[in-house]
Structure formats: structure tokens, C-alpha cells
Amino acid sequence: WLFYKKPVPVAEVHPENCNGCRRCFDDCPYSAVTMTAHPDKPGHQLAVVNADLCASCGICAGACPSSTPFRSAAELVTGIDMPQATVHALRAATEASLEHLKGEVRLVVYGCDHGADVRPLAAPDVAVHSMECIGMLPPSFIDYVLRSGHADGVLVTGCPGSDCHYRLGSVWTEQRIHGEREPHLRTRVARERVQVFMAGRQDQDKLKRELDIYREILRNLPKSGDAAPPPRRARSKR
């Protein structure tokens, strides 16, 4: 007999940061998340992950309200997260790439490992970040990038909605950005500085053209003067 061995690790819940909002429960395409009574917060629920059903897509992390880079904690621990690709690691990678962006029009691209490859787009004026599923991206990261003052626009891409590798990651992402699903992108974010273009592996050239078109659009926009630096965080204890 041959037995299928599930890839590890799977999503992990951190009870101290889970408020029982049920967003991960609502968004998991595989029904891998259930809710139970929270052991430390009376009247609240706690997310529970069924390891046998979890596909390790990370869509739950993108849904969690605690997955915001604006939190001042030096170590960003969220209510639910992927241990091999944490929201904290994404924040650190985003901040590092922002510091090195230079050029007249500076962009940040967030993409999906299973859609069009964003890595060839990397350039002095383009920072790229690819994740297991674009559904892992908390919308607050878009706000964070634009408020940093180091980028003029954000392009979000992933598998086309009808062909999403993880069923609903692209759909949920678009709905979050358009304010149709929680957690939604804040209304203060200038929508002309956010572009969504879902592209599959066969759409590599289309994604490159879309980025070039978007760069020209941003070039003709007035420079934003209301950018604010990210909050200062406490240093990690050694």
C-alpha cells in the first residue's frame, strides 16, 4: 500500500492573537478551519486547523485582522499564520525592498507562485514579492507600502479567478481590495495607485505589458504628499 504523506507545515493558530472573528473560517476554501470556545477569552471563539484538510495556501493569514504590518510589535505574531512564510517575514521583506527602490516611478508587485512569475519584473524601480497564494496578502500591506513614501504604486497579481490554484485565493483578494470582503482595503488608499491584474503562467508577457502601462499611468499622476512613515517598533529582545 502507498500512503499519501501531506506536506508540512500547515497553518498555525496563536490563541493570544485570535479574537474569534471567524474570517479564516469563512475564507478557507477547504473547510480546514473550525471554531471552538476560546480557553483564555470568555465569550470568544478560537480558530482550530484540521491538518488533514489544510492545503497550506495561507489564505487564512490574509484574512486575519491581526495580520496588519501597522502593528508596532517588533515580532509580528498573528492569530493564524503559515510558519514557513509568516506575515512577519513578509513585512520584513517588504520593508527591506522599499529601502532600495529608486527611480522616477517606484512600484511594488505582489504575486503568486502559481500564476505569472513576478520575479523577472524585478528592477531598481520595481520590488517584487511572490507568495504561495495571493490570498495570503493582507490588504493592509498595500496601504503600508503607499504610506511609507517609498513607492508610487502597488500591482497585485495571481492566478486568474477561474483558474486559481487554491480555488478562491484570487477571488477573495479582489473582493478585499474592492471593499466587498473583510478585511478590506481602507478607503483612504488612493485607488489609482493600486492595480489588480490576475495572470496565469501563460500570461507572462501580458503581465509585463500591464506593468509598463501602469508605470506610465503613475508617471502622469501628481506626487502624493501625504505619505507617512510606518510606526516605530520596539526592538526585538535578544
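Colleague: What does Val154 stand opposite in S8?
Modeller: Val154 stands opposite Val194 in S8. Helices (H or I, at least four residues) and strands (E, at least two) are DSSP runs, numbered from the N terminus. This is a predicted model: local features need pLDDT of at least 70, side-chain atom pairs count only at pLDDT 80 or more, and totals for chains, interfaces and linings use all residues. Residues are numbered from 1 along each chain as its sequence is written, and side-chain values use heavy atoms, leaving out hydrogens and water.

Colleague: How many bridges between S7 and S8?
Modeller: S7 and S8 (residues 194–196) pair in the parallel sense over 3 bridges. Two strands pair if DSSP finds at least two bridges between them.

Colleague: And S5 with S7, over how many bridges?
Modeller: S5 (residues 107–112) pairs with S7 over 4 bridges, also in the parallel sense. Val109 has Leu155 as its bridge partner in S7, and Tyr110 has Val156.

Colleague: Which way do the S7 residues point?
Modeller: Along S7 (residues 153–156), Gly153 and Leu155 point one way, Val154 and Val156 the other way, and all are buried. Buried means under 20% relative accessible area, exposed over 50%, partly exposed in between (1.4 Å probe, protein chains only). In a regular strand the side chains alternate between the two faces of the sheet.

Colleague: What order do the strands have in the open sheet?
Modeller: The order is S6-S5-S7-S8, an open sheet of 4 strands with parallel pairing. S6 (126–131) and S8 are the edge strands, each pairing on one side only. From one strand to the next, the twist averages 15 degrees. Axes are lines fitted to C-alpha atoms, for helices over the stretch in contact, and angles run from 0 to 180 degrees between N-to-C directions.

Colleague: Which strands does H4 touch?
Modeller: H4 packs on the sheet and touches S5, S7 and S8, with its direction at about 155 degrees to that of S7. H6 (residues 204–219) packs on the sheet too, touching S5, S6, S7 and S8, and its direction makes about 160 degrees with that of S7.

Colleague: Switching to helices: at what angle do H3 and H4 pack?
Modeller: H3 (residues 87–100) and H4 (residues 140–147) pack at about 25 degrees, with their axes 11 Å apart. That makes H3 roughly parallel to H4. Angles under 35 degrees count as roughly parallel, over 145 as roughly antiparallel, 65 to 115 as roughly perpendicular and the rest as oblique.

Colleague: Which residues make the contact?
Modeller: From H3 they are Val87, Leu90, Arg91, Thr94, Glu95 and Leu98, and from H4 Phe141, Tyr144 and Val145. Contact means heavy atoms within 4.5 Å.

Colleague: Next topic. Is Asp27 buried or exposed?
Modeller: Asp27 counts as buried, at 2% relative accessibility. Asp27 is in H1 (residues 23–27). Not counting residues up to four places away in sequence, Asp27 touches Ile59, Ala63, Trp172, Arg176, Arg181 and Glu182.

Colleague: What kind of peptide bond joins Glu182 and Pro183?
Modeller: A cis one, with omega about -5 degrees. Pro183 is in the loop between H5 (169–177) and S8.

Colleague: What phi does Ser31 have?
Modeller: Ser31 has a positive phi of about 55 degrees although it is not a glycine. Ser31 lies in the loop between H1 and S2 (33–37) and is exposed, with a relative accessible area of 54%.

Colleague: And what phi for Arg167?
Modeller: Arg167, not a glycine either, has a positive phi of about 70 degrees. Arg167 is in the loop between S7 and H5 and is partly exposed, with a relative accessible area of 49%.
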